[in-house]
Amino acid sequence: MSHPLQPAEPEPTGPPRGAEPLPDERSTEVAVPDGDDLAVIEVPAGDGDAQRSPVGRLAATVERLRREVREAQAEADGRALIELAKGILVERLGCGPAQAARQLAELTEQAGMSPLEFAVEVINQAARDRVAEVTSAFLASTAEDRDSGASAVRLRAAESGALAAHDAQAVAESLMEHALRPIGAEAVAIWALGSDGSLTLAGSAGFSAAEAGRWRYVPPGVATVARRGLGERSGHWIGCLSDTQLPSIGQHLHPDGGRAAVPAGTGGRIHGVLEIVWPGPIEPQSPQIVRQVEALAELCAHTLETSTPPRPGDEWRPGVLPDVAELMDLADGLHDPALVLLPYLDADGELVDFRIHHVNSRFLDPSGRPRGVVTGSLLLEAYPMAAGESELFDQVERVYATGEPFRARRMRLTALVDEVPLAAVADIHASRHGGCVLLIWRMEDETARLASLLQHAQRLGRIGGFEENLITGEITWNGQLYDLYGKPPSDGPIPLENLPAHAHPDDAVAIGRFLRTLLHHRRPASVAFRLQRPDGVTRHIRVVAEPELDTDGRLFVVRGAYQDISAHHWTEVALAATRDQLAHSEQQASERNRLALQLQHAIMPPTQAPLDAPGLRVAVRYRPAETQHLVGGDWYDAVVLPSRLVLLCVGDVAGHGIDAATSMVVLRNALRGLAVTGAGPAQLLSWLNMVVHHLTGGVTATAVCALYDPERHTLRWARAGHLPPVLVRGTEASPLPLVKGLLLGAVPEATYEEGEVQLAVDDTLLMYTDGLIERRDRSVEESLTQLLVAARTVPPTLEQQLDRLLTYSKSDTDDDTCIVGVRVA
């Protein structure tokens, strides 16, 4: 992050003057664990997203270690000169050592020189008593090449006011006057972040005293614009506050104003938030403005921080921060392994790692390394995989930045020992205490965990284990086996040879065979028997055992397990009874369907000889349902009456099974008997409706009834809720004009309309049931249209036409189908 004094500008493309060039500025080769080996990979340098990745963090760590070695070698001889330059700045500027160190680093960066070169210049100029002139010259030389001179002046003025201010309120007023009002801002608020996550208004400008008083404290967990800025590294920018519905200070004064909430942090730790208010909506800001605001936020962080951060590369000691010694005492008093971590900053003041400052006496390293080896090392050096597999480093970094504690169960920890990865599983807890982080992990005992899992498995499976030494007579039972036997542990275990005494007498033969196989033949064996417990309860038990022989081939130990299979046994009994009942029900259903099919086929066989009528060719087709378990009620009839008229009819009784088949027989025979009266089709259906309603047990049905006069070539017809017949004339096919008619059996008495059509030679009339066209995925009208298209093709014979209609039928309801075809000769 750039220093606040430096205006935003593009980063230089070449190495800084005086810096040692690296072998390759574009990539870094890193050795990372790959199974049992190490793999060398090349990681691009300078990519922020890549450096935040697990491999990028490892690459940054390796590169930092290399750079530190080179810098230590290059600056070993010049450290005394740098310290002397710091002393000169302390004397000339009237500041402390820490302030002088920061000032020296800032001026060095602005001059584009190495620290040693700049220290030499300071010492040379101090000898001539011209430190002020040298500093001004350096600042002027760095400002000449920048386009944002005005911004640089404003930022320098803002910093001067901030450094001279004694509290955050004065800082807010200085920022408002020198830096924010020139870019159109109306107000500013500086929020201090508490250890509990609360926000306190540390300073403000542009708000009334009453408004600042109302917002002096924001409890933890309350969603505001400032809190939203804590969760984003680059801050939270809002074009119009009313679009977010987030509460914020001064929202009633500028409801449509723009906002910016930028975290104020130094050295990886967030101390608060800088919130800026614009009076109206704002457009996305340029990168230059964003960098300037970030620099102002860093100024606020220096004011908000309560302790001086460590110098680059320095290790924090108890003498530096009073809370470190207290935290070490706290860690030593814990019963779990604990580490005290101190932040480790790079030369730019950025957090790059944590130093393991202290570990307590209960500390356990995953690889078994002693505490002295781990203490003093950096976290990513001791546990490099913490940057990847478990994201442990990211979580510790977040705890340090925000103060929010972190907890996780069964997190994987991996250490590298002699380039070999050694892993362990632990429960993790991390919390911030002042400027330190306390990391607690509880290593998981794999043996204890497996023993616990085994115990739970035995309890859930109702399994009890045993071991019997046949030489010493010693018998060992676990607690679950005592529960299976219904015995207290004080009664002692039961030898295998006494097993028949505790079993049902009918199982004695099976138990004897089990004991002979196990003890005499010395082979593994198992047996199921009924255990009679002392409390009178009988349980079904299966015992499995295997012998163990000594070096001389003698049997000396038998190990095995008992399992309560009572639930399984009774389940098998219930299943057997259910299977018997199901087989009986299936047999009854099959018999009923067989009788219904026989009845249906006896009355209406699938094929029938052509009807002998003068000047008329009649053919019928009947196709049963595809599954024989759904016997339907479709019926048809074609007969010459005594009056020489031809009766043609089809019908469909609702339902399936033997009831529908018997009702179909009743209707078919009733209509034949009524037709000899000479009544017309409408009257016949009216009488048939009375028969269905009163004499068939409440069933309903549909039907089409027609009388054909061979002499006049006329067809009179009526329908009762059925699809109309289709007339095929030449290459055209159309349904007969619809006449009204209620389905049979719906009401006691019904009146039906009658229609008449004049037929010509070669005309074909088709009467059918809905099983020919009905589909589940389309309407009846669409299915009827497809039938008309198929009927327009007229084969040479009527039988071929009916067969063709059955073949190309697209019905999918698995229902019976009847077709009666009439062709005038």
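User: Which residue in β23 is the bridge partner of glycine 651?

Analyst: Alanine 703 in β23 is the bridge partner of glycine 651. This is a predicted model in which local features need pLDDT of at least 70 and side-chain atom pairs count only at pLDDT 80 or more, while totals for chains, interfaces and linings use all residues. Residues are numbered from 1 along each chain as its sequence is written, and side-chain values use heavy atoms, with hydrogens and water left out.

User: What makes β22 and β23 a strand pair?

Analyst: Strands (E, at least two residues) and helices (H or I, at least four) are DSSP runs numbered from the N terminus, and two strands pair if DSSP finds at least two bridges between them. β22 is joined to strand β23 (residues 701-709) by 8 bridges, so the pair meets the definition. The two strands run antiparallel.

User: How do you know that β21 and β22 pair, and what connects them?

Analyst: 8 bridges are found between β21 and β22, in the antiparallel sense. One of the residues involved is tryptophan 635, whose bridge partner in β22 is glycine 651. The two strands form a hairpin with 5 residues between them, and arginine 644 in the turn has a positive phi of about 70°.

User: Which strands make up the open sheet, and which are called edge strands?

Analyst: The order of the 5 strands is β21-β22-β23-β24-β27, with antiparallel pairing. β21 (633-640) and β27 (755-758) are the edge strands, as each pairs on one side only. Neighbouring strands are turned by 15° against each other on average, direction ignored; such angles run from 0 to 180 degrees between N-to-C directions, with axes fitted as lines to C-alpha atoms, for helices over the stretch in contact.

User: Why is β22 called largely enclosed?

Analyst: Buried means under 20% relative accessible area, exposed over 50%, and partly exposed in between (1.4 Å probe, protein chains only). In strand β22 (residues 646-653), 8 of the 8 residues are buried, so the rest of the structure largely encloses it. Both faces are covered: Val646, Leu648, Val650 and Asp652 are buried on one side, and Leu647, Cys649, Gly651 and Val653 on the other.

User: How do you know that cysteine 649 is in no disulfide?

Analyst: A disulfide is a pair of cysteine sulfur atoms within 2.5 Å, and a search of the whole structure finds 0 of them. For cysteine 649, the nearest cysteine sulfur belongs to cysteine 705 and is 5.9 Å away. Cysteine 649 has a relative accessible area of 1% and is therefore buried. Cysteine 818, at 0%, also counts as buried.

User: What makes glutamate 211 and arginine 214 a salt bridge?

Analyst: A salt bridge needs a side-chain nitrogen of Lys or Arg within 4 Å of a carboxyl oxygen of Asp or Glu. The closest N and O atoms of glutamate 211 and arginine 214 are 2.3 Å apart, so the pair qualifies. Both residues lie in helix α9 (residues 209-214), 3 residues apart, about one turn of the helix. Glutamate 211 is buried at 1% relative accessible area, whereas arginine 214 is exposed at 56%.

User: How many salt bridges does the structure hold, and what is the distance between arginine 259 and glutamate 275?

Analyst: There are 18 salt bridges in the structure. Arginine 259 and glutamate 275 meet in one of them, at 2.8 Å from N to O.

User: Why does the pair of arginine 778 and aspartate 777 count as a salt bridge?

Analyst: The closest N and O atoms of arginine 778 and aspartate 777 are 3.8 Å apart, so this pair also falls within the cut-off. Arginine 778 is partly exposed, at 28% relative accessible area, and aspartate 777 is exposed, at 51%. Elsewhere, salt bridges that share partners join Glu467, Glu548 and Arg559 into one network.

User: Why is glycine 771 called buried, and where does it lie?

Analyst: Glycine 771 has a relative accessibility of 1%, so it counts as buried. The residue lies in the loop between β28 (764-768) and α22 (780-791). The C-alpha atoms of glycine 771 and aspartate 815 are separated by 5.1 Å, although the two residues are 44 residues apart along the chain.
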